[in-house]
Amino acid sequence: MSLRLLMDANVDALVTAKLRTAGVDVLTAQEDGSDDIKDPELLDRAGELGRELFTHDRHFHAIGTRLLRKGIPFRGIFFAAHSRNPNRNRLYAEWLETRAKLENPEDVANQVIFIP
């Protein structure tokens with residue numbers, strides 16, 4: 001089973017479009033109506049939807065660490081620095097595409113994964 005992604009509200013539309021073109025199952029927070037909820041609630045929402053979260057928000061590292069310390073499971077979180085550079089966003093999309101097609105949800109559960 002491949003990964004299904006929920007894109008945080010601040011993710012560049014280019015990343016989402018490239019992933020969709022590549023056949024990755026992607027839902028944006030805006031499409032879900034979860035674009036204005038707080039970060040912990042967004043991670044909960046990703047879990048409810050059976051999706052891993054992609055974000056540029058550094059707060060998710062602290063959220064993931066806190067949940068791990070408490071022994072509370074969560075879906076995988078993918079983090080990349082925010083960029084307005086289209087080339088950088090293309091690289092993020094390519095990296096995510098590879099992971100989404102090769103990984104299973106169990107492989108990334110309870111992890112905050114930094115995209116180089």
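## The chain as a whole

Of the contacts in the chain with a separation of 6 or more, 63% join residues 24 or more positions apart. The model from which this value was computed is a predicted one.

The chain contains six helices and five strands. Their order along the sequence is β-α-β-α-α-β-α-β-α-α-β.

A compact globule of 116 residues would have a radius of gyration near 13 Å, and the chain agrees with this because its own value is 13 Å. Taken along the principal axes, the box filled by the C-alpha atoms is roughly 40 × 30 × 25 Å. Of the 116 residues in the chain, 42% are buried.

## Helices α1 and α5

Two packed helices are described by the angle between their axes and the distance between the axes. Helix α1, formed by residues 13-21, packs against helix α5, formed by residues 86-102, at an angle of about 40° and with the axes 9 Å apart. The crossing of α1 past α5 is right-handed.

On the side of α1, the contact is made by Leu14, Val15, Lys18 and Leu19. Helix α5 contributes Pro86, Asn89, Arg90, Tyr92, Ala93, Leu96 and Glu97.

## Two individual residues

Threonine 16 also belongs to helix α1. Leaving aside residues up to four places away in sequence, threonine 16 touches Met7, Val11, Val26 and Thr28.

Asparagine 110 is located in the loop that runs between α6 (105-108) and β5 (112-114). Although asparagine 110 is not a glycine, its phi is positive, at about 60°.

The table sets out the accessibility of these two residues.

| Residue | Relative accessibility | Class |
|---|---|---|
| Threonine 16 | 7% | buried |
| Asparagine 110 | 28% | partly exposed |

Threonine 16 counts as buried because its relative accessible area is 7%, and the cut-off for buried is under 20%. Asparagine 110, at 28%, is classed as partly exposed, because that class lies between the limits of 20% and 50%.

Definitions and conventions:
Residues numbered from 1 in each chain as written. Predicted model: local features only at pLDDT ≥ 70, side-chain atom pairs only at ≥ 80, totals over all residues. Heavy atoms only, no water. Axes fitted to C-alpha atoms, helices over the stretch in contact; angles between N-to-C directions. Helix = DSSP H or I, 4+ residues; strand = E, 2+ residues; numbered from the N terminus. Left-handed = near helix turned anticlockwise from the far one by under 90°. Contact = heavy atoms within 4.5 Å. Buried < 20%, exposed > 50% of the residue type's maximum accessible area, 1.4 Å probe, protein only. Rg over C-alpha atoms; globule rule 2.2 N^0.38 Å.
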